[in-house]
Number of protein chains: 2
Amino acid sequence: MTDREGAAAEYFSTLDARDWAAFGALLAEDVVYEMPQTRERIVGRERYVRFNREYPGEWRLEARRVVTEGRHAAALVDFWIGEDHQAACVWLDFDEAGLIIRVTDFWPEPYDPPPGREHLVERY
Amino acid sequence: MTDREGAAAEYFSTLDARDWAAFGALLAEDVVYEMPQTRERIVGRERYVRFNREYPGEWRLEARRVVTEGRHAAALVDFWIGEDHQAACVWLDFDEAGLIIRVTDFWPEPYDPPPGREHLVERY
């Protein structure tokens, strides 16, 4: 496992554990967090740790898969609040020092399939 | 570039080019395509190529980023129909022969940010 593979895995395990010291130690001071769906951005480690610390609800999460190559990682994450489950797609960028300099989160929601492809598709 | 990195990049370039022969040649015969948001599944290369060939609209796409590690790749994809833009997160699995055996697509939609975090967040 490379340092970045380890850091990507720890990003999710420390977040789930609410271990804010260990979580913050993975982040560059000028980390940028973006959610393209809401066009929200958080700049800086302190604010970003606080955002997670304040995130409401009895949430927990687990990385189902982490793919790391060079300075980039992508994770498919299972996120629960109580019984509610949501998947998230998280993109991490590392700086030269191996710290996380950018986080980009996507939170896809269920939707109804459009008509016209029933001849090819099964539901599960 | 490894064979799988090349195959992951070609998956998107041949799809955008509607080069169905080259696109199909990247896929295992028993490829499984899943969209977890709609819980739709397509099984088999022939059906999956047909699904893409029949996909309505003047669409085009481009992989903004592809991360490949071992038998897995993740791509952040820009998708347009006319002027409408949507991002997609696509997860690819390769079989032993280097063919794509599983594709998992997420299509996150814009949404309004929940209240309560304005003290930490800027909009862009």
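**Entry 1: contact between the chains**

I looked up the contact between the two chains of this predicted model and found 35 residues of chain B in contact with 35 residues of chain A. I then asked which elements of chain B each supply at least two residues of the side that touches chain A. They are β2 (40-43), α3 (45-54), β3 (59-69), β4 (72-81), β5 (84-94) and β7 (122-123). Sorting this side of chain B by class, I recorded 19 nonpolar, 12 charged and four polar residues.

**Entry 2: relation of the copies**

**Entry 3: strand pairing across the interface**

I followed strand β2 (residues 40-43) of chain A into the other chain. Two bridges join β2 of chain A to β7(B), and the two strands run antiparallel. For A:E40, I found the bridge partner in β7(B) to be B:R123. Both β2 and β7 were already on my list of elements that supply the contact side of chain B.

I traced β3 (residues 59-69) and β4 (residues 72-81) of chain A, which pair in the antiparallel sense over 10 bridges. In this pairing A:W59 stands opposite A:I81 of β4(A). The two strands form a hairpin with two residues between them, and I read a positive phi of about 60 degrees for A:G70 in the turn.

I continued from β4(A) to β5 (residues 84-94) of chain A and again counted 10 bridges in the antiparallel sense. Here A:W80 stands opposite A:H85 of β5(A). β4(A) and β5(A) also form a hairpin with two residues between them, where A:G82 in the turn has a positive phi of about 60 degrees.

**Entry 4: the nonpolar core**

I turned to the largest nonpolar core, which has 54 residues. Which of these residues touch the most other members? They are A:A75 and B:A75. I listed the contacts of B:A75, leaving out residues up to four places away in sequence: B:A8, B:F12, B:A63, B:R65, B:V66 and B:V90. As a general remark, I note that nonpolar side chains tend to be buried together in soluble globular proteins.

Technical notes. Residues are numbered from 1 along each chain as its sequence is written. Chains are lettered from A and ligands numbered from 1 in the order in which they are written. This is a predicted model: local features need pLDDT of at least 70, side-chain atom pairs count only at pLDDT 80 or more; totals for chains, interfaces and linings use all residues. Two residues are in contact if their C-beta atoms, placed from the backbone, lie within 7 Å. Helices (H or I, at least four residues) and strands (E, at least two) are DSSP runs, numbered from the N terminus. Ala, Val, Leu, Ile, Met, Phe, Trp, Tyr, Cys and Pro count as nonpolar, Asp, Glu, Lys and Arg as charged, and the others, Gly among them, as polar. Two strands pair if DSSP finds at least two bridges between them. A nonpolar core is a set of buried Ala, Val, Leu, Ile, Met, Phe, Trp, Tyr and Cys residues joined through C-beta atoms within 7 Å. A residue is buried if 20 or more other C-beta atoms lie within 10 Å of its own, exposed if 12 or fewer, and partly exposed in between; C-beta atoms are placed from the backbone.
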